[in-house]
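Biologist: Hi, I've just opened this one and I'm new to it. Can you walk me through what we're looking at?

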Amino acid sequence: MTQPIHPLDPITAPEIAVLKTTLAEAGIEGPQIRYSYVMLREPDRATLRAWTQGAPVPREIGVLVTDKAANTAREMVVDIPARRIVHDRMLDPATDGWGPILDEDYVAAEEIAKADPDYRAAMERRGITDLERVRCAPLSAGVFGHADEVGRRMIRVLSFLDQEGTHAMFAHPIEGVVAHVDLTERRVLRLVDTGYPSIPAESGDYLDPAIAGAPRTDMKPLRITQPEGASFTIRDHVLDWQNWRLRIGFNGREGLTLHDIAFNDRGRMRPILNRASISEMVVPYGEPQPTHDWQNYFDAGEYQFGRLANSLVLGCDCLGKIHYLDATVVDDFCQPVIIRNAICIHEEDYGTLWKHTDFMTGQGTVRRQRRLVISFFVTVGNYDYGFYWYLYLDGRIELECKATGIVFTSGHPGGAYDYATLMAPGLGAPIHQHMFSARLDVAIDGDRCHVDELDVARLPIGPENPLGNAFTRHVTRLRTEAEAQRDADNAVGRVWRIASSEARNRVGEPTAYVLMPEGQPGLLAAEGASIRKRAAFATRHLWVTRHDRDQMWAAGYTPNQHPGGAGLPSYAAADRDIDGQDIVVWHSFGLTHFPRPEDWPVMPVDYAGFKLRPEGFFDRNPTLDVPEDPNGREHSSRCCAPD
Ligand code: CO
């Protein structure tokens, strides 16, 4: 596609060219200019709703422009059809932070570190004279009160020994050394060397048969066949599957975005979500040594993980009848980059949907569940993350985040140590969290919604509960943005009900979905820690804000070196009314990762996510019309008859 045909279509290569030209005509061009966060600024609700097929498509693209020579950054928006800059704001790096890490920063960090005499001396003290064997990890710097860093683009560098000349450098952390690199002046501002001479020597090459063992030979093929194809259709980014309809988007920051998710309820298209995405994620480390205590990575805002999406491989990443979509992202020079097969769409069998055997007649009936899977996978340094959205036949929506790859490593001091797991001889893996923020622009039967917190409640024995068997559910309406900053509580089965403020079901209740959190810990860093201000979104499992077109980022637009307070705390600061308004639900969730030896040398997938389940959205089980035998009777004449 070269030109968009719908306002929510992903940006196209010709539009990216118009963006660059329009900026150039305003004098913004040249070898010192870099372009980040190039993505669609989606139209406001009124414009989007008023738009009709075939009308001119409103298109604005946002971009963060960094001038490396002037050491400035500005956020800009260009109206693409009008070829006009419609927003231009110079950032103050001291209070606004910087744009994300640039591709060239990876190279620069290594060059700058290795050119520094103190860094070379630190390597020599560890017996490393051949710097060709040293790999420098370019890690976002955070904000830790170093006055000399204010206003400079910073990065911190931890180093690894590329002992085998393979991908397995994380087995060999060069502990005790961190270079604080000033990218602006291309020099090491500070070298911290706490001393730690030994480097773990054991190979972590998980592809080496000496470690992995010979491939097992007793694994038979397991193939998914769909002889008549898949049950979904996709046309111009609109996906239809089993009463579901939604629109697929993608950008270089959030990766996959889902739009206008609706369910065809016996002929009536009923909206559920206007938009769903992962707005941000952060990986804060819990290791207090001065070489690690600053480690916090915002993989969306600091590394633009959408740009790091993998090209997926049929039969390896994905089984069955797969439909892939390519993604167009934009590099630091405002050139389009097409990631082939970035988005995977397929359907999966998911076991039993519903089943009953009548105990009088012995007659049994069973229906099988299926789900539609829309996913992408990214690689951010040592870690790999999969983001899997599932839509189920019965109206459930689920997000499953998969974390795999290689845990970040350190030198382990030996003995009992509270902040890192001993993974292999001398090799540590610091404890950490992976915290995600899902931004859910909800629209349960329309934009006007409200949120109730539901807790189970035990009741004392009394006149109304003489036997003490009663229990119930307490319902608390969250009326304002301040009231709606909530923690999960599995001890009371806490869920949040997102209900229409207009539509009712056939028993007279507001139509609703329930957000079911996993209830794992939120951000664990102490009160007063820098990361608590910078990743404030992760300190609460739930936030609800009034919808605002530009309030998209849980940790703010520019989290890199941002001192904190941006994103959700600032969005909610006005404490707006959210009861019966056009609202956005933000859910923070994640993994608290105490690495296991089994996570080494490559980590089996671990999971974090949440579910959205209809609760009174439908008038009854919406899957009574699912046929008993879509697969045909392969094994017996009747599903439940014994062979
Ligand atoms: Co982890």
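Biologist: Let's begin with the overall layout. Into which domains is the protein chain divided?

Modeller: There's domain 1 (13-90), domain 2 (103-211) and domain 3 (232-630). Those bounds come from an automatic or database domain assignment. This is a predicted model, so local features need pLDDT of at least 70 and side-chain atom pairs count only at pLDDT 80 or more, while totals for chains, interfaces and linings use all residues. Residues are numbered from 1 along each chain as its sequence is written, and side-chain values use heavy atoms, with hydrogens and water left out.

Biologist: What separates the centres of domain 1 and domain 3?

Modeller: 29 Å, taken over C-alpha atoms. Their contact takes 21 residues from domain 1 and 27 residues from domain 3, where contact means heavy atoms within 4.5 Å.

Biologist: OK, now the four-stranded sheet. What order do the strands come in?

Modeller: The order is β1-β2-β3-β4, in an open sheet with antiparallel pairing. Strands here are DSSP runs of E, at least two residues, and helices are runs of H or I, at least four residues, both numbered from the N terminus. Two strands pair if DSSP finds at least two bridges between them.

Biologist: And which are the edge strands?

Modeller: β1 (33-41) and β4 (84-90), each pairing on one side only. On average, neighbouring strands of this sheet are turned by 20° against each other, direction ignored.

Biologist: How many bridges join β2 to β3?

Modeller: Eight, between residues 60-67 of β2 and residues 72-79 of β3. To pick out one partner, V63 is bridged to M76 in β3.

Biologist: Where does helix α1 lie?

Modeller: Residues 13-25 form α1, which lies across β1, β2, β3 and β4 and runs at about 50° to β2. For that angle, axes are lines fitted to C-alpha atoms, for helices over the stretch in contact, and angles run from 0 to 180 degrees between N-to-C directions.

Biologist: Which residues of α1 are buried?

Modeller: E15, I16, V18, L19, T22 and L23. Buried means under 20% relative accessible area, exposed is over 50%, and partly exposed is in between (1.4 Å probe, protein chains only).

Biologist: What do they pack against?

Modeller: The buried residues of α1 pack against β1, β2, β3 and β4, plus β15 (323-330) and β16 (336-357).

Biologist: What about Q304, buried or exposed?

Modeller: Q304 is buried, at 2% relative accessibility. Its phi is also positive, near 50°, and Q304 is in the loop between β14 (296-298) and β15.

Biologist: Last one: which peptide bond is cis, going into P601?

Modeller: The one from W600 to P601, with omega near 0°. P601 lies in the loop between β29 and β30 (603-614).
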